[in-house]
Amino acid sequence: MVGSSRVLESKVLAAMAMPKFKERFSSIPSAWLLFAVLAAFARAIPAQELMPVAMPGGGVHLFNSDATVLEAQEVRKDLPCTVTPVKPELGFDLKFHAGYEVTIPLRELAGSENMLTMVFRVVPEGHEDDAVYFSQHIAVPSIAEDAGGPAYLQGAFDVGEGNYHVDWLMRDRAERVCSNNWDIEATLPPKDKQMALDILPDIIRAADVEPFKQEPPVERTARNEPLNVKVVVNFAPQDSGAATLQPLDLNALVSILRNIAREPRITRFSIVAFNMQEQRVIYREDAASQIDFPALGKALKSLNLGTVDLKQLSQKHGDSEFLGSLITKELTADKQPPDAVIFAGPKVMLDSGFSDETLKQLADVKTPVFYMNYNLNPQVNPWRDAIGNAVKAAKGSEFTISRPRDLFFSWTEIITRIVKSKFSRTSGAPATSQ
């Protein structure tokens, strides 16, 4: 039994093909332990297991052999494998995502069904009693003796700023062991030290399994006038022709929403989720005390980006008409306008612009308008898109979100402007320019 420590449950996906590891890490990984294995692993069952604790505040139950390997901190290759650490990288969720990549020759797993067991611990420097242990069992199907090539596995976990030591092992049913250990450092550059991360220093967590889990309650402030905002999000991939909404894009857009949802000065949220490719509103929530993320996630499952509506093809400028009508409605239709309207999403490049009537309506908008343009490669497409043109017509402000720091500092600026605008309206003071 290992001394005082914390235990986290592993969550696994097994798949024939998955996005590149670092692409998943630049946003929020969909599971803390993500395995992308070759075709031979296609039937693997992602068994999940929480390592038992002897008593409240007590130790973790480990097989003596596993505990011995971890404590020895030596490199072993009885079971030949190569482990490559992945350095912590800050995601849009404002957490550091770390992990590892593993390759193992398929011939080493040849034969009847096998079982791979992974056990590892992450220890914050100077806080050995706060080690966190992870485990996972991977069922391996029967593999031909002449199988060639490697199996490819990946693992991930979240950490706050700090230095950590990782002790890792993998064993099969024959008790062959592959083990390794390494150190990692998660740190913000000096210019970003003021960023408030979503995970405290020296803390280790399992990465979120569910991107649409409900936010915990936020203690709303009563010091100033409460704020009411509307958020209009285009849930679409960076590549407008893509047939799926990639996890990288989805997680970034959800992170934008979560940053807004956690603002204690906002007490009412109206959410409009739409998809430009399908030219339809997917989800709507009006004047709620908190954003219903599970309901939003359920609604997004209706997206079918791989198909084309014949009705849309028959409309020459249907995309411009849809977007122009949507933006105009969300900026002008409210009997009691919100304190701000925030658009978010990737660029929308249209063949034709908005009508003069639409632009005239937008020019009369008095509500503060902002655009959080999610654009990973702004240098590839530096031109203002259709939503940007609409926001400019409404005398709003646009912010480009390419990196996690952009999200933090953009939202800091936006909420400051919203508060100032609200104060100006309620106090009768002249409004400051945007």
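Biologist: What covers the buried residues of α8?
Modeller: Quite a list, in this predicted model. The cover includes the helices α6 (318-332) and α7 (356-363). It also includes the strands β15 (266-275), β17 (340-345), β18 (369-374) and β19 (397-401).

Biologist: And which residues of α8 are buried?
Modeller: In α8, which spans residues 386-393, the buried ones are Ala386, Ile387, Gly388, Ala390 and Val391.

Biologist: What's the phi like at Lys395, after the helix?
Modeller: Positive, near 60°. Lys395 follows α8.

Biologist: OK, switching to cysteines. How many disulfides are there?
Modeller: One disulfide. Cys81 and Cys178 form it, with their sulfur atoms 1.9 Å apart.

Biologist: Which parts of the chain does that pair tie together?
Modeller: Cys81 lies in the loop between β5 (76-77) and β6 (82-90), while Cys178 is in strand β12 (residues 177-186), so the bond ties together parts that are 97 residues apart in sequence.

Biologist: Are those two cysteines buried or exposed?
Modeller: Cys81 is buried, and Cys178 is too.

Biologist: Why call the disulfide left-handed?
Modeller: Because the torsion about the S-S bond of Cys81 and Cys178 is about -75°.

Biologist: You mentioned β6. Which sheet order is it part of?
Modeller: β6-β7-β10-β13, an open sheet of four strands with antiparallel pairing. β6 and β13 (204-205) are the edge strands, each with a single partner, so one side of each has no neighbour in the sheet.

Biologist: How many bridges hold β10 and β13 together?
Modeller: Two bridges, in the antiparallel sense, with β10 covering residues 150-159. Across that pairing, Val159 stands opposite Ile204 in β13.

Biologist: Which residues line the largest cavity?
Modeller: Val69, Leu70, Gln73, Glu74, Asp167, Trp168, Ser179, Asn180 and Asn181.

Biologist: Which element gives the most to that lining?
Modeller: β12, with three residues. Along with β12, α2 (64-72) and β11 (162-171) each supply at least two residues of the lining.

Terms used. Residues are numbered from 1 along each chain as its sequence is written. This is a predicted model: local features need pLDDT of at least 70, side-chain atom pairs count only at pLDDT 80 or more; totals for chains, interfaces and linings use all residues. Side-chain values use heavy atoms; hydrogens and water are left out. A disulfide is a pair of cysteine sulfur atoms within 2.5 Å. Buried means under 20% relative accessible area, exposed over 50%, partly exposed in between (1.4 Å probe, protein chains only). Two strands pair if DSSP finds at least two bridges between them. Contact means heavy atoms within 4.5 Å. On a 1 Å grid over the protein atoms alone, a cavity is a set of points where a 1.4 Å probe fits but cannot get out, and a pocket is an open set with protein on both sides within 12 Å along at least five of seven lines; lining residues have an atom within 4 Å of a point.
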